[in-house]
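Here is a short briefing for a first look at this structure. Keep the model open while you read.

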Amino acid sequence: MDDYCVGIDLGTVNTALAYLDGKGNLEIDKSQDGSVTVPSSILFTDMGKIVGSKAEAQARIEGYSNFVSGFKRQMGTKYTRTVMSSTYTPTEMSALVLRKMLMRFEANHGVMPTKAVLSVPGDYGVPERQATIQAGRIAGLEAIELINEPTAACIAYCKESRFREGNLIIFDLGGGTFDVAVIKVSDNRFSVLANEGSRNLGGKDWDLHLANIIQRKIIDAYGMTQKEADRNSKMRKDIAVEARRVKELLTARNRVTDTINVNGMPVTYTVRREEFEDATHELNLRLTTMMLNAMRSAGLRERDISRVVMTGGESQISAMMRYVDDALPTVRTDIFEPFTSMAKGAALYADSVFSDGNLVVEPVLSKTLGIKAGVDGNETIYNIVFRSTPLPMTPEAVFRPKRDDQKTLELEIYETKANPGTYYTGLPYGFMLKRFEIPLPGKILRGRTKMNVRFAVDPNGLIQMFVECNGHVIECDMSNGMSMLPAQIMQSKKKAVNVI
Ligand SMILES: Nc1ncnc2c1ncn2[C@@H]1O[C@H](COP(=O)(O)OP(=O)(O)OP(=O)(O)O)[C@@H](O)[C@H]1O
Ligand SMILES: [Mg+2]
């Protein structure tokens, strides 16, 4: 085969790539050492940009000043990082990881993929989705489609467990984000009924709690004061790194004993699983509360749910399944391929969108879309279309001029987290996607001329906007300041070389 379509799960911590081989078997592309994921970490060196576990290993020795990780949390924001006198956006850093995945695939199979489905968190809004597509372009992909991570996991689960009909809750807890989706499955049709989640809830938060426990134990064992501990940044960094490892060990064991060097002296401590579970009780409850909210906003009750499918590395924490079972005691819960479910689902979807169209995915709008309006002298966001509305769609709103001969229509378009049915949102709770000053054609009459604002939201969640006035249709460019023009993508491509 000379034209592979692949699925890539670009994670906060780990990235995976899946593909269908010539015989139609679903496979995960592996490293030479057999590992199925590549850490989403980069070390910039004179030799090149090292991506993956080698970057982490080398940074442990050389230090972390030219090392980046966790940039998925900044996708679509203005954040940049300057390393070795070049400045990188989160999009460009993601492109390096994608480039590494594509190069590894080429080394294994002799072909560089040009088409891919990339999985993204369900609550990604427009800027994050745009940034992800651009990262794919910079990495050299020509055709890119997006799929929400829980939907991808759902597709893979249904394929591998031959599940054909019913409502599934997909519970995906990764290193940086939590996503929960309620998906109606009917043969090869996947309709998202509800999405919930948080971009700032993931493994790192559990690590922090465990790091606090470990630090307290070390303070006691070493006999230092809290002040001394606060000042010892090397010790705190070491504890933070250890916490993740200890947490992963606690999944299979009841207690872990470990030693850390503090000021050159070995200090031994023991953590029991129970202590970790007590400290993270609130976090665990937050997850199940969001899960039940998602179920309710899908209009479903416990008896309507066929199964809960847990995926994502962090869902393996031993307490997690207990919390899910307590929240929905009569529903069967499965843990499904924590590290590879999303990439596999993305690959199955890639095969469908780029060739035979055997799967139907019905996505929903991830954020509520609104326009700033003046209401009784106060400025608020008037929500036009609510999150969880099925995509694609073309919502409209009609505005009327405030004065005769008004020259322009000023519009500010916002994304909000407003629940369906909440028509107004305070300005501070919205994210401004774009501001427009649109010249108005023809004769404008106060309160009479209709200015029809029409959106077209595609299945990827990307938006186009048109204003119709006096028979003219004006297309408004929704790409925001952070999205890149073809020339800028060319520029970034030049930085995406020397990937090791
Ligand atoms: N055995 C284990 N027990 C508990 N947690 C684990 C285990 N193995 C890995 N993890 C945790 O899983 C997390 C990484 O999960 P995963 O690879 O699914 O995240 P990701 O896909 O990169 O992130 P995201 O989906 O949030 O962008 C890390 O926080 C890691 O500590
Ligand atoms: Mg993930």
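**Layout of the chain**

The C-alpha centres of domain 2 and domain 3 lie 51 Å apart. The domain bounds come from an automatic or database domain assignment. This is a predicted model: local features need pLDDT of at least 70, side-chain atom pairs count only at pLDDT 80 or more, and totals for chains, interfaces and linings use all residues. Residues are numbered from 1 along each chain as its sequence is written, while chains are lettered from A and ligands numbered from 1 in the order in which they are written.

**Overall shape**

- The assignment for the protein chain gives domain 1 (5–141 + 486–495), domain 2 (203–279) and domain 3 (368–469).
- The C-alpha trace spans about 80 × 50 × 50 Å along its principal axes.
- The secondary structure comes to 12 helices and 28 strands. Helices (H or I, at least four residues) and strands (E, at least two) are DSSP runs, numbered from the N terminus.

**Around ligand 1**

- Ligand 1 has 22 residues around it, and Gly11, Val13, Gly174, Gly203 and Gly313 come nearest. A residue is near a molecule or strand if its C-beta atom, placed from the backbone, lies within 6 Å of it.
- What is the make-up of this shell: how many residues are nonpolar, polar and charged? The shell divides into 4 nonpolar, 13 polar and 5 charged residues. Ala, Val, Leu, Ile, Met, Phe, Trp, Tyr, Cys and Pro count as nonpolar, Asp, Glu, Lys and Arg as charged, and the others, Gly among them, as polar.
- Helix α7 (residues 233–250) gives the most to the shell, with 3 residues.
- Domain 1 and domain 2 each supply at least three residues of the shell.

**The sheet of 3 strands**

- This open sheet has the order β6-β5-β7, with antiparallel pairing. Two strands pair if DSSP finds at least two bridges between them.
- The edge strands are β6 (49–51) and β7 (67–69), and each pairs on one side only.
- Neighbouring strands are turned by 20° against each other on average, direction ignored. Axes are lines fitted to C-alpha atoms, for helices over the stretch in contact, and angles run from 0 to 180 degrees between N-to-C directions.
- Strand β5 (residues 41–44) is joined to β7 by 3 bridges. Here Leu43 stands opposite Phe67 in β7.
- Helix α1 (residues 53–62) packs on the sheet and touches β5, β6 and β7; its direction makes about 55° with that of β5. Contact requires C-beta atoms, placed from the backbone, to lie within 7 Å.
- Helix α2 (residues 90–109) also packs on the sheet, touching β5, β6 and β7, and its direction makes about 70° with that of β6.

**The sheet of 4 strands**

- This open sheet runs in the order β22-β26-β27-β28, with antiparallel pairing.
- Its edge strands are β22 (396–399) and β28 (472–476), each pairing on one side only.
- The twist averages 20° from one strand to the next.
- Strands β26 (residues 451–457) and β27 (residues 463–469) are joined by 7 bridges. Phe455 stands opposite Met465 in β27.

**Backbone details**

- The peptide bond from Leu391 to Pro392 is cis, with omega near -5°. Pro392 sits in the loop between β21 (378–385) and β22.
- Asn263 has a positive phi of about 50°, although it is not a glycine. Asn263 lies in the loop between β15 (255–262) and β16 (265–272).

Notes:
Two residues are in contact if their C-beta atoms, placed from the backbone, lie within 7 Å.
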